[in-house]
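User: Can you walk me through this one? Start with the terms you use.

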Amino acid sequence: MIYYNKLVRDKIPEIILLKGKSCKTRKLDGDNFLLEIKKKLEEEVKEFLSDPSREELADILEVVDSLSLIVGSSFNDVLQIKEEKKQSRGGFSDHIFLEYVTESKQGENYI
């Protein structure tokens, strides 16, 4: 017997049964689900950091999709906010690394 004690995708129990195995699951309530989906986000980010692939990135997005619903939004709403922030603050396409900021005299710009 292998213990996982973690949140899994909805069809995982069915896939386990199709392989001739059995499993024990339970449905999480709101607070417990929030705790476990946060752990799942951390797990998926760690997997992406060790294997930066499209598949791992897709797993992160699936978790973000679920988190969107928890905060009372939709994934599309989150994408819209992302675009608004990109328009106002930019994205990361220029690869800018900020080293430091100093107080400057009026009109000076070090960037």
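Analyst: Buried means under 20% relative accessible area, exposed over 50%, and partly exposed in between (1.4 Å probe, protein chains only). Helices (H or I, at least four residues) are DSSP runs, numbered from the N terminus. This is a predicted model: local features need pLDDT of at least 70, side-chain atom pairs count only at pLDDT 80 or more, and totals for chains, interfaces and linings use all residues. Residues are numbered from 1 along each chain as its sequence is written, and side-chain values use heavy atoms, with hydrogens and water left out.

User: Which residues of α2 are buried?

Analyst: Glu 36, Ile 37, Lys 40 and Glu 44. Down the axis of α2 they fall within an arc of 105 degrees (directions from the helix axis to the C-beta atoms), so they line one face.

User: And what is exposed on the other side of α2?

Analyst: Asp 31, Lys 38, Lys 46, Leu 49 and Ser 50.

User: What do the buried residues of α2 pack against?

Analyst: Helix α3, residues 54-70; contact means heavy atoms within 4.5 Å.

User: Which residues of α3 are buried, then?

Analyst: Glu 56, Ile 60, Val 63, Leu 67 and Ser 68.

User: What follows α3?

Analyst: Gly 72, with a positive phi near 80 degrees.

User: Switching topic: is Ser 88 buried or exposed?

Analyst: Ser 88 is exposed, at a relative accessible area of 59%. Its place is in helix α4, residues 75-89.

Key: Helices (H or I, at least four residues) and strands (E, at least two) are DSSP runs, numbered from the N terminus.
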